[in-house]
Amino acid sequence: MKYAWPWELSRSGVLNMNRRNISYIGRYNQRKFYKRVDDKLITKQLALANNIAVPDLIGVVHEQHKIQEIPAMVSDRTGFVIKPAKGSGGKGIMVITKVNNGCYYKPNGHEVTHSEIYRHVSNILSGLFSLGGKPDVAIVEGLIEFDPVFEGFSYEGVPDIRLIVFKGFPVMGMLRLSTAASDGKANLHQGAVGVGLDIATGKSLHAVQFDLPVDKHPDTHFPLSNMTVPHWETLLHTASSAYEMCELGYLGTDMVLDKYKGPLLLELNARPGLTIQIANGRGLLPRLKHVEAMKGPAMSVEERVAYAKKHFSSNPKF
């Protein structure tokens, strides 16, 4: 998807940042509801109240002197995740995939000392990773058990599924696969692979890394052309139901597949990025305009999902 001029991008249906901010985020996302998605602890509490599955909450660290309680919190765990409640873009997330005799290990096998964990959590509390640099709290979560269906498709990290939801309709999806370049994190800006997904089926459409097309995972060399995300119907319903939960008209939903628990909601985003269009090889604007033009009575979650599957399906481009 290579274009020379902004008007050519717009004519091709590509949503740019200014239009996203003014016409969609500014128009459909009331600021009073932002804290429901900007604070991951509040998001988790809302999800649980709405019967939406989320990773286990092990504990929350609110104050510096409470950091020393973390070893006791995770003493019976084989792994855990520490993240800032108000972080963004994957910043400040520490993943521990192995605990052995009081020692902690990252996905790449490197040991993380107690002092490194304390320093990291202290940085979280001071607001180093939070939006606006404001003081924060640290969330300690249960580790996602990697679903073997993605074996070989991701490198030292758990893949996640991003769905853009507009007025309750899932309009575009993407699978994010971690790489060596992304340090095991599913962050496209750090080098993760983005795989566009067909809304109707969850099948792979097109894949990119650093905005360039790829047909194989750069580290595992697995082909990306014939992937199908399991539990797709549940993922679509979870994403659609987030509309009522947070009351934001334009949002991104990030979910993972756990080996034992199935789909889990990780977080919501009031300002989802636009690289999902590159991963899909097509623009968001036609789908957003389609939803805006719709008339008639309000639809249920099931009706919105069925409508999206019928009208926003794509043909594979591999």
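1. Helix axes here are lines fitted to C-alpha atoms over the stretch in contact, and angles between them run from 0 to 180 degrees between N-to-C directions. Helices (H or I, at least four residues) and strands (E, at least two) are DSSP runs, numbered from the N terminus.

2. This is a predicted model, in which local features need pLDDT of at least 70, side-chain atom pairs count only at pLDDT 80 or more, and totals for chains, interfaces and linings use all residues. Residues are numbered from 1 along each chain as its sequence is written, and side-chain values use heavy atoms, with hydrogens and water left out.

3. Helix H10 (residues 301-311) packs against H7 at an angle of about 120 degrees, the two axes being 9 Å apart. H7 is therefore oblique to H10; under 35 degrees would count as roughly parallel, over 145 as roughly antiparallel, 65 to 115 as roughly perpendicular, and the rest is oblique. The crossing of H7 past H10 is right-handed, the term for a near helix turned clockwise from the far one by less than a right angle.

4. From H7, the residues that meet H10 are Glu233, Leu236, His237, Ser240, Ser241, Tyr243 and Glu244, and their partners in H10 are Val301, Glu302, Arg304, Val305 and Lys309. Contact means heavy atoms within 4.5 Å. Sorted by class, the contact of H7 with H10 has five charged, four nonpolar and three polar residues. In this scheme Ala, Val, Leu, Ile, Met, Phe, Trp, Tyr, Cys and Pro are nonpolar, Asp, Glu, Lys and Arg charged, and the others, Gly among them, polar.

5. Histidine 217 sits in the loop between strand S12 (212-213) and helix H7 (232-246). With a relative accessible area of 0%, histidine 217 is buried; buried means under 20%, exposed over 50%, and partly exposed in between (1.4 Å probe, protein chains only). A polar atom of the histidine 217 side chain lies 3.0 Å from the backbone nitrogen of aspartate 219 and one lies 3.3 Å from that of threonine 220. Beyond its neighbours within four places in sequence, histidine 217 is in contact with Phe153, Ser154, Tyr155, Leu177, Ser178, Thr179, Phe222 and Leu224.

6. Two backbone angles deserve a check. Most residues other than glycine have a negative phi. Lysine 167, in the loop between strands S8 (160-166) and S9 (169-177), has a positive phi of about 55 degrees and is partly exposed at 29% relative accessibility. Histidine 231, in the loop between S12 and H7, has a positive phi of about 60 degrees and is partly exposed at 41%.

Key: A polar contact is a pair of N or O atoms within 3.5 Å; within protein, one must be able to donate a hydrogen and the other to accept it, and residues adjacent in sequence count only if both atoms are side-chain atoms.
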